[in-house]
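Student: I would like to learn how to read a protein model. Where do we start?

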Amino acid sequence: MSEDYVPPKVWTWEKPSGGTFASINRPVAGPTHDAALPVGKHPLQLYSLATPNGIKATILLEELLEAGHDAEYDAWLIDINKGDQFGSGFVAVNPNSKIPALMDHSTNPPQRVFESASIMLYLAEKFGGAFIPKAPAARTEMLSWLFWQMGSAPFVGGGFGHFYAYAPVKIEYAINRYAMEAKRQLDVLNRHLAQNDWMAGGEYTLADMAIWSWYGSLVLGRAYNAAEFLDVASYAHVLEWARRIDARPGVIRGRKVNRTWGEPSEQLRERHSAADFDSLPKG
(Lines give C-alpha, C1' and ligand atoms only; values in the text may rest on other atoms or scores of the structure.)
Protein backbone atom coordinates (compact mmCIF):
# COMPACT_ATOMS: atom_id res chain seq x y z
CA MET A 1 0.00 0.00 0.00
CA SER A 2 3.07 2.24 -0.23
CA GLU A 3 2.87 5.47 -2.23
CA ASP A 4 6.05 4.44 -4.06
CA TYR A 5 4.46 1.24 -5.40
CA VAL A 6 5.65 0.37 -8.92
CA PRO A 7 3.30 -1.96 -10.84
CA PRO A 8 4.91 -5.13 -12.19
CA LYS A 9 5.03 -5.74 -15.92
CA VAL A 10 2.49 -8.58 -15.52
CA TRP A 11 0.04 -8.54 -12.63
CA THR A 12 -0.53 -11.80 -10.76
CA TRP A 13 -2.91 -12.64 -7.96
CA GLU A 14 -0.70 -13.61 -5.07
CA LYS A 15 -2.77 -12.73 -2.00
CA PRO A 16 -6.07 -11.06 -1.04
CA SER A 17 -5.93 -7.30 -1.45
CA GLY A 18 -7.49 -6.58 1.94
CA GLY A 19 -10.61 -4.62 2.78
CA THR A 20 -14.16 -5.61 3.57
CA PHE A 21 -14.76 -7.87 0.57
CA ALA A 22 -11.26 -9.32 0.09
CA SER A 23 -12.39 -12.87 0.85
CA ILE A 24 -14.77 -12.98 -2.13
CA ASN A 25 -12.79 -11.01 -4.71
CA ARG A 26 -10.92 -13.06 -7.27
CA PRO A 27 -9.66 -12.55 -10.85
CA VAL A 28 -11.42 -15.56 -12.40
CA ALA A 29 -15.04 -16.40 -13.19
CA GLY A 30 -17.04 -19.59 -12.87
CA PRO A 31 -18.41 -21.57 -9.91
CA THR A 32 -16.38 -22.51 -6.86
CA HIS A 33 -18.78 -25.15 -5.60
CA ASP A 34 -21.92 -27.10 -6.49
CA ALA A 35 -25.10 -25.59 -5.09
CA ALA A 36 -28.55 -25.85 -6.65
CA LEU A 37 -30.84 -22.85 -6.39
CA PRO A 38 -34.17 -23.22 -4.58
CA VAL A 39 -37.36 -22.77 -6.59
CA GLY A 40 -40.60 -21.58 -5.02
CA LYS A 41 -44.22 -21.70 -6.14
CA HIS A 42 -44.33 -18.54 -8.27
CA PRO A 43 -43.16 -18.22 -11.88
CA LEU A 44 -40.78 -15.39 -10.97
CA GLN A 45 -37.80 -16.51 -8.91
CA LEU A 46 -35.42 -13.80 -7.72
CA TYR A 47 -32.01 -14.51 -6.21
CA SER A 48 -30.63 -11.43 -4.55
CA LEU A 49 -29.45 -9.35 -1.61
CA ALA A 50 -30.70 -5.90 -0.59
CA THR A 51 -27.76 -3.94 -1.95
CA PRO A 52 -28.46 -0.87 -4.11
CA ASN A 53 -28.48 -3.10 -7.19
CA GLY A 54 -30.55 -5.79 -5.49
CA ILE A 55 -33.35 -3.52 -4.33
CA LYS A 56 -33.95 -2.24 -7.85
CA ALA A 57 -35.62 -5.56 -8.65
CA THR A 58 -37.57 -5.96 -5.42
CA ILE A 59 -38.79 -2.36 -5.48
CA LEU A 60 -40.03 -2.81 -9.03
CA LEU A 61 -41.76 -6.10 -8.18
CA GLU A 62 -43.49 -4.52 -5.18
CA GLU A 63 -44.45 -1.47 -7.26
CA LEU A 64 -45.94 -3.79 -9.89
CA LEU A 65 -47.97 -5.54 -7.20
CA GLU A 66 -49.01 -2.18 -5.73
CA ALA A 67 -50.23 -1.16 -9.22
CA GLY A 68 -52.40 -4.28 -9.46
CA HIS A 69 -50.23 -6.51 -11.67
CA ASP A 70 -49.98 -10.25 -11.08
CA ALA A 71 -46.28 -10.08 -10.30
CA GLU A 72 -46.05 -12.41 -7.32
CA TYR A 73 -42.57 -13.73 -6.79
CA ASP A 74 -40.23 -15.68 -4.55
CA ALA A 75 -37.08 -13.87 -3.42
CA TRP A 76 -34.23 -16.02 -2.17
CA LEU A 77 -31.28 -14.67 -0.24
CA ILE A 78 -27.85 -14.79 -1.88
CA ASP A 79 -25.30 -14.06 0.83
CA ILE A 80 -22.39 -12.58 -1.11
CA ASN A 81 -20.18 -12.50 1.99
CA LYS A 82 -20.43 -16.29 2.12
CA GLY A 83 -19.81 -16.68 -1.62
CA ASP A 84 -23.33 -17.89 -2.53
CA GLN A 85 -22.95 -16.08 -5.86
CA PHE A 86 -20.25 -18.56 -6.85
CA GLY A 87 -22.48 -21.61 -6.49
CA SER A 88 -23.04 -23.57 -9.70
CA GLY A 89 -26.77 -22.89 -9.73
CA PHE A 90 -26.34 -19.14 -9.41
CA VAL A 91 -23.56 -19.00 -12.00
CA ALA A 92 -25.89 -20.82 -14.42
CA VAL A 93 -28.34 -17.91 -14.05
CA ASN A 94 -25.71 -15.17 -14.02
CA PRO A 95 -22.27 -16.11 -15.37
CA ASN A 96 -20.98 -12.81 -13.96
CA SER A 97 -21.75 -13.95 -10.36
CA LYS A 98 -23.43 -10.69 -9.35
CA ILE A 99 -26.83 -10.12 -7.77
CA PRO A 100 -29.65 -9.77 -8.64
CA ALA A 101 -30.52 -12.65 -10.94
CA LEU A 102 -33.98 -13.73 -12.10
CA MET A 103 -35.51 -16.91 -13.49
CA ASP A 104 -38.90 -16.68 -15.18
CA HIS A 105 -40.53 -20.13 -15.10
CA SER A 106 -43.59 -18.95 -17.03
CA THR A 107 -41.65 -19.57 -20.25
CA ASN A 108 -40.55 -22.86 -21.79
CA PRO A 109 -37.67 -23.24 -21.24
CA PRO A 110 -37.39 -20.91 -18.24
CA GLN A 111 -35.79 -17.59 -19.08
CA ARG A 112 -32.78 -16.35 -17.16
CA VAL A 113 -32.24 -12.59 -16.77
CA PHE A 114 -29.19 -10.93 -15.24
CA GLU A 115 -27.96 -7.36 -14.74
CA SER A 116 -30.26 -5.14 -12.74
CA ALA A 117 -31.40 -2.82 -15.55
CA SER A 118 -32.04 -5.80 -17.81
CA ILE A 119 -34.20 -7.37 -15.09
CA MET A 120 -36.12 -4.12 -14.69
CA LEU A 121 -36.78 -3.76 -18.41
CA TYR A 122 -37.74 -7.43 -18.71
CA LEU A 123 -40.27 -7.20 -15.89
CA ALA A 124 -41.71 -3.88 -17.03
CA GLU A 125 -42.23 -5.19 -20.56
CA LYS A 126 -43.66 -8.46 -19.25
CA PHE A 127 -46.36 -6.47 -17.49
CA GLY A 128 -47.45 -4.32 -20.40
CA GLY A 129 -44.76 -1.65 -20.31
CA ALA A 130 -45.43 -0.69 -16.70
CA PHE A 131 -43.36 2.28 -15.51
CA ILE A 132 -42.10 2.89 -19.04
CA PRO A 133 -43.51 6.07 -20.62
CA LYS A 134 -45.64 5.53 -23.70
CA ALA A 135 -44.56 8.70 -25.51
CA PRO A 136 -41.38 8.04 -27.54
CA ALA A 137 -39.56 11.15 -26.29
CA ALA A 138 -40.29 10.38 -22.63
CA ARG A 139 -39.40 6.71 -23.12
CA THR A 140 -36.06 7.70 -24.62
CA GLU A 141 -35.43 10.12 -21.75
CA MET A 142 -36.20 7.34 -19.25
CA LEU A 143 -33.81 4.93 -20.96
CA SER A 144 -31.07 7.56 -21.05
CA TRP A 145 -31.32 8.11 -17.30
CA LEU A 146 -31.59 4.38 -16.59
CA PHE A 147 -28.36 3.72 -18.42
CA TRP A 148 -26.79 6.84 -16.91
CA GLN A 149 -27.30 5.15 -13.57
CA MET A 150 -25.76 1.89 -14.76
CA GLY A 151 -22.68 3.67 -16.03
CA SER A 152 -22.32 6.16 -13.18
CA ALA A 153 -23.02 4.19 -10.00
CA PRO A 154 -19.80 2.10 -10.15
CA PHE A 155 -17.90 5.34 -9.49
CA VAL A 156 -20.02 5.82 -6.36
CA GLY A 157 -19.94 2.23 -5.12
CA GLY A 158 -16.74 0.69 -6.40
CA GLY A 159 -14.96 4.04 -6.31
CA PHE A 160 -16.10 6.36 -3.54
CA GLY A 161 -17.77 3.75 -1.33
CA HIS A 162 -14.87 1.35 -1.55
CA PHE A 163 -12.09 3.80 -0.74
CA TYR A 164 -14.09 5.81 1.82
CA ALA A 165 -15.69 2.93 3.72
CA TYR A 166 -14.20 -0.46 2.82
CA ALA A 167 -10.53 -0.16 1.80
CA PRO A 168 -7.99 -1.39 4.39
CA VAL A 169 -6.24 2.00 4.40
CA LYS A 170 -7.42 5.56 3.78
CA ILE A 171 -5.84 6.87 0.57
CA GLU A 172 -6.34 10.62 0.28
CA TYR A 173 -5.91 10.74 -3.48
CA ALA A 174 -8.47 7.96 -4.10
CA ILE A 175 -11.04 9.38 -1.66
CA ASN A 176 -10.69 12.88 -3.10
CA ARG A 177 -10.91 11.59 -6.68
CA TYR A 178 -14.10 9.63 -6.12
CA ALA A 179 -15.71 12.10 -3.71
CA MET A 180 -15.34 14.71 -6.44
CA GLU A 181 -17.06 12.41 -8.94
CA ALA A 182 -19.83 11.40 -6.49
CA LYS A 183 -20.58 15.07 -5.83
CA ARG A 184 -20.50 15.89 -9.54
CA GLN A 185 -23.10 13.18 -10.16
CA LEU A 186 -25.27 14.47 -7.32
CA ASP A 187 -25.07 17.91 -8.93
CA VAL A 188 -26.15 16.41 -12.27
CA LEU A 189 -29.22 15.00 -10.53
CA ASN A 190 -29.90 18.15 -8.53
CA ARG A 191 -29.88 20.37 -11.61
CA HIS A 192 -32.19 17.97 -13.47
CA LEU A 193 -34.63 17.58 -10.59
CA ALA A 194 -34.79 21.34 -10.12
CA GLN A 195 -36.67 21.38 -13.43
CA ASN A 196 -38.47 18.01 -13.31
CA ASP A 197 -40.65 16.18 -10.80
CA TRP A 198 -39.27 12.83 -11.95
CA MET A 199 -36.26 11.66 -13.91
CA ALA A 200 -38.20 11.27 -17.17
CA GLY A 201 -40.23 14.43 -16.63
CA GLY A 202 -43.84 14.06 -15.57
CA GLU A 203 -44.15 10.45 -14.42
CA TYR A 204 -42.50 8.02 -12.05
CA THR A 205 -40.56 5.40 -14.03
CA LEU A 206 -37.93 2.69 -13.90
CA ALA A 207 -35.27 5.39 -13.98
CA ASP A 208 -36.49 6.84 -10.68
CA MET A 209 -36.42 3.42 -9.01
CA ALA A 210 -32.96 2.57 -10.29
CA ILE A 211 -31.39 5.93 -9.48
CA TRP A 212 -33.09 6.13 -6.08
CA SER A 213 -31.68 2.74 -5.12
CA TRP A 214 -28.18 4.23 -5.28
CA TYR A 215 -28.42 7.99 -4.93
CA GLY A 216 -31.56 8.12 -2.80
CA SER A 217 -29.90 5.78 -0.32
CA LEU A 218 -26.81 8.00 -0.36
CA VAL A 219 -28.58 11.29 0.35
CA LEU A 220 -30.89 9.69 2.92
CA GLY A 221 -27.84 8.65 4.92
CA ARG A 222 -28.06 4.91 4.30
CA ALA A 223 -24.86 4.36 2.34
CA TYR A 224 -21.25 4.41 3.52
CA ASN A 225 -22.04 6.68 6.51
CA ALA A 226 -21.05 9.48 4.17
CA ALA A 227 -23.96 11.93 4.14
CA GLU A 228 -22.13 14.59 6.15
CA PHE A 229 -18.84 14.05 4.31
CA LEU A 230 -20.53 14.61 0.93
CA ASP A 231 -22.71 17.47 2.27
CA VAL A 232 -25.82 15.84 0.85
CA ALA A 233 -28.03 18.52 2.43
CA SER A 234 -26.81 20.92 -0.24
CA TYR A 235 -28.59 18.87 -2.93
CA ALA A 236 -32.07 20.00 -1.94
CA HIS A 237 -33.90 18.84 -5.07
CA VAL A 238 -32.38 15.35 -4.86
CA LEU A 239 -33.37 15.12 -1.19
CA GLU A 240 -36.95 16.15 -1.86
CA TRP A 241 -37.24 13.62 -4.70
CA ALA A 242 -35.62 10.90 -2.58
CA ARG A 243 -38.02 11.48 0.30
CA ARG A 244 -41.06 11.28 -1.99
CA ILE A 245 -39.91 7.93 -3.34
CA ASP A 246 -38.95 6.70 0.12
CA ALA A 247 -42.57 7.13 1.25
CA ARG A 248 -44.07 4.93 -1.50
CA PRO A 249 -45.53 1.65 -0.13
CA GLY A 250 -43.87 -0.45 -2.84
CA VAL A 251 -40.51 1.10 -2.07
CA ILE A 252 -40.95 0.65 1.68
CA ARG A 253 -41.59 -3.06 1.15
CA GLY A 254 -39.09 -3.59 -1.65
CA ARG A 255 -36.07 -2.30 0.23
CA LYS A 256 -36.73 -4.80 3.06
CA VAL A 257 -36.59 -7.90 0.88
CA ASN A 258 -33.40 -10.00 1.15
CA ARG A 259 -32.04 -7.59 3.76
CA THR A 260 -29.79 -9.00 6.49
CA TRP A 261 -28.70 -5.87 8.37
CA GLY A 262 -30.23 -2.89 10.12
CA GLU A 263 -33.34 -2.88 12.25
CA PRO A 264 -35.12 -6.25 12.59
CA SER A 265 -38.30 -4.61 11.30
CA GLU A 266 -36.52 -4.01 7.97
CA GLN A 267 -35.07 -7.49 7.47
CA LEU A 268 -37.14 -9.84 5.33
CA ARG A 269 -34.50 -12.40 4.45
CA GLU A 270 -36.78 -14.29 2.07
CA ARG A 271 -40.07 -13.26 0.49
CA HIS A 272 -42.64 -15.75 -0.80
CA SER A 273 -45.94 -13.88 -0.33
CA ALA A 274 -47.24 -10.48 0.69
CA ALA A 275 -48.07 -11.95 4.09
CA ASP A 276 -44.37 -12.35 4.84
CA PHE A 277 -44.14 -8.65 5.61
CA ASP A 278 -46.66 -9.12 8.41
CA SER A 279 -44.21 -11.42 10.19
CA LEU A 280 -41.69 -8.60 10.69
CA PRO A 281 -41.51 -6.95 14.11
CA LYS A 282 -43.00 -3.50 14.24
CA GLY A 283 -40.42 -0.76 13.85
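Tutor: One caution before we start. This is a predicted model.

Student: How are two packed helices described?

Tutor: Two packed helices are described by the angle between their axes and the distance between the axes. Take helix H3, residues 116–126, and helix H6, residues 206–219. Their axes come within 11 Å and cross at roughly 150°.

Student: Which residues make the contact?

Tutor: From H3, Met-120, Leu-121 and Ala-124 take part. From H6, the partners are Leu-206, Met-209 and Ala-210.

Student: How many of the residues in the contact of H3 with H6 are nonpolar, polar or charged?

Tutor: Six are nonpolar. No polar and no charged residues take part.

Student: Which residues of H3 are buried?

Tutor: Start with the general idea. An α-helix has 3.6 residues a turn, so residues three or four places apart point the same way. Now the case here. The buried residues of H3 are Ser-116, Ala-117, Ile-119, Met-120, Leu-121, Leu-123 and Ala-124.

Student: What covers the buried residues of H3?

Tutor: The cover includes strand E1, helix H1 and H6. It also includes strand E3 (101–104), strand E4 (111–114) and helix H4 (136–166).

Student: Let us turn to single residues. Is Ser-217 buried or exposed?

Tutor: The cut-off comes first: buried means under 20% relative accessible area. Ser-217 has 10%, so it is buried. This serine sits in helix H6.

Student: What does the side chain of Ser-217 reach?

Tutor: It reaches the backbone oxygen of Ser-213, at 3.0 Å. Leaving out residues up to four places away in sequence, Ser-217 touches Ile-55, Trp-212, Arg-222 and Ala-223.

Student: Where is Trp-198?

Tutor: Trp-198 lies in the loop between helix H5 (172–193) and H6. Its relative accessibility is 14%, so Trp-198 counts as buried.

Student: What does Trp-198 touch?

Tutor: Again, residues up to four places away in sequence are not counted. The contacts of Trp-198 are His-192, Leu-193, Glu-203, Tyr-204, Asp-208, Trp-241, Arg-244 and Ile-245. Look at Ile-245 in particular. It is 47 residues from Trp-198 in sequence.

Student: Where is Thr-51?

Tutor: Thr-51 is in the loop between strand E1 (44–48) and helix H1 (52–66). At 18% relative accessibility, Thr-51 counts as buried. It touches Ile-99 and Trp-261, with residues up to four places away in sequence left out.

Student: How do I read the backbone?

Tutor: Most residues other than glycine have a negative phi, and most peptide bonds are trans. Now look for other cases. Tyr-224 has a positive phi, near 65°.

Student: Where is Tyr-224? Is it buried or exposed?

Tutor: Tyr-224 is in the loop between H6 and helix H7 (236–246). Its relative accessible area is 17%, so Tyr-224 is buried.

Student: What is phi of Asp-231?

Tutor: Phi of Asp-231 is positive too, near 55°. Asp-231 is also in the loop between H6 and H7. With a relative accessible area of 41%, Asp-231 is partly exposed. A glycine belongs here as well: Gly-128 follows H3, and its phi is positive, near 75°.

Student: Which peptide bond at Pro-100 do we find, cis or trans?

Tutor: The bond from Ile-99 to Pro-100 is cis, with omega near 0°. Pro-100 is in the loop between helix H2 (88–93) and E3. Asn-108 and Pro-109 are also joined by a cis peptide bond, with omega about 0°. Pro-109 lies in the loop between E3 and E4.

Definitions and conventions. Residues numbered from 1 in each chain as written. Predicted model: local features only at pLDDT ≥ 70, side-chain atom pairs only at ≥ 80, totals over all residues. Heavy atoms only, no water. Axes fitted to C-alpha atoms, helices over the stretch in contact; angles between N-to-C directions. Helix = DSSP H or I, 4+ residues; strand = E, 2+ residues; numbered from the N terminus. Contact = heavy atoms within 4.5 Å. Nonpolar A, V, L, I, M, F, W, Y, C, P; charged D, E, K, R; others polar. Buried < 20%, exposed > 50% of the residue type's maximum accessible area, 1.4 Å probe, protein only. Polar contact = N/O pair within 3.5 Å; in protein donor to acceptor, adjacent residues only side chain to side chain.
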